[in-house]
Amino acid sequence: MPNDKDQPGTPPTARREFLKSAGLFTVTAAGLAGGLEALTRRPGAGSAEAQGTAFVRPARPLGPYDTKEAVTPWEQATTYNNFYEFGTDKGDPARMAASLKPRPWTVKIDGEVKKPQTVDIDTLQGWFPLEDRIYRMRCVEGWSMVMPWLGFPLASLIRRIEPTSKAKYVQFTALYDPKQFPGQRGNVLDWPYVEGLRLDEALHPLTLLAVGLDGRVLPNQNGAPLRLVVPWKYGFKNIKSIVKITLTEQQPKTTWALAAPDEYGFYANVNPAVPHPRWSQATERRIGELGRRATLPFNGYADQVAGLYKGMDLRKNF
Ligand SMILES: Nc1nc2c(c(=O)[nH]1)N[C@H]1C(S)=C(S)[C@@H](COP(=O)(O)O)O[C@H]1N2
Ligand SMILES: [Mo]
């Protein structure tokens, strides 16, 4: 059904019992500022039952960080993916994802921090209350989705590991293991996939480390067990299957800027005014909709994040 206006939400709800068995736990919705919305089961929710994880989904109020737009059906969010470690076709990640083993898993935290350490993923996610966040996601290719993440603010982790006064950036490194990632047996990209943020971007309350999607454990194809979510940037910043988080003094290298520096920058803020060299970024195709909709500056998060870039030339720093 075409859907060219923001629709009143059919958002997902919070807190799934089964998460406990996966070592996850959650708290009540972070904020009530969004007011109580009429909640219904969103399209696609039935697939949880199909997978044998039936649960009661208590309604939750939308929080201040949630979009009210219709959530992308689970079926599409988990079968139309970019994850080149599994292959370059949109269907490859879902088809190949069983080869990734997201447990046991450790995350190394190093660089300019007072508390460097290597921590088990279940310990790490247990440090923080998990929050549902319904965010828009805009791929640089010109399509978009609305994703119901479950995770915790990256800022909470950074504060816990205590950056030194030299820390100015955060670098993220994904798993390198060609046995688990068939796409790494070729060199379509330089492996491992790396990404980075400026420290103030990393500390922004919208910036999330996700461990779940729609209240379920993050599917492998969506970046299990830990992936970055920065909703005002193009999707490629949202690095999946993170094994290392490094605080640095220098701006870190990032995979797509290494691969094609004229096409992909470090900042990669969603910007309809700056075309990709090979296509316009003015509009996008929302997965599940017909036609195209306008792309918004900072993917619609300008009120929250434009201030981070005051005084910067966003055409140069694309
Ligand atoms: N490690 C890794 N992370 C990655 C990618 C990738 O190829 N490898 N692709 C990126 C791109 S281009 C996009 S659009 C998003 C897609 O996330 P999704 O499949 O969960 O929607 O993941 C990003 N994170
Ligand atoms: Mo993307």
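**The ligand site and beyond**

Ligand 1 is surrounded by 16 residues, the closest being Asn81, Tyr84, Glu85, Asn238 and Lys240, where a residue is near a molecule if one of its heavy atoms lies within 4 Å of it. The model is predicted, so local features need pLDDT of at least 70 and side-chain atom pairs count only at pLDDT 80 or more, whereas totals for chains, interfaces and linings use all residues. Residues are numbered from 1 along each chain as its sequence is written, chains are lettered from A and ligands numbered from 1 in the order in which they are written, and side-chain values use heavy atoms, with hydrogens and water left out.

By class, the shell around ligand 1 comprises 8 nonpolar, 5 polar and 3 charged residues; here Ala, Val, Leu, Ile, Met, Phe, Trp, Tyr, Cys and Pro count as nonpolar, Asp, Glu, Lys and Arg as charged, and the others, Gly among them, as polar. Polar contacts are pairs of N or O atoms within 3.5 Å. An oxygen atom of ligand 1 lies 2.8 Å from a backbone N or O atom of tyrosine 84, and a nitrogen atom of the ligand is 3.3 Å from a polar backbone atom of asparagine 82. Asparagine 222 contributes a polar side-chain atom 3.0 Å from an oxygen atom of ligand 1. Of the 530 Å² of accessible area that ligand 1 has on its own, the protein covers 98%, as computed by the Shrake-Rupley method with a 1.4 Å probe.

Turning to charged pairs, the model has 19 salt bridges, each a side-chain nitrogen of Lys or Arg within 4 Å of a carboxyl oxygen of Asp or Glu. In one of them the side chains of arginine 293 and glutamate 69 meet at 3.2 Å, N to O. Because arginine 293 lies in strand β12 (residues 293-294) and glutamate 69 in the loop between α2 (46-50) and α3 (74-77), the pair ties together parts that are 224 residues apart in sequence; helices (H or I, at least four residues) and strands (E, at least two) are DSSP runs, numbered from the N terminus.

The backbone also deserves attention. Most residues other than glycine have a negative phi, and most peptide bonds are trans. Tryptophan 191 and proline 192, however, are joined by a cis peptide bond with omega near -5°, and proline 192 is in the loop between β5 (169-174) and β6 (194-198).

Definitions and conventions
Polar contact = N/O pair within 3.5 Å; in protein donor to acceptor, adjacent residues only side chain to side chain.
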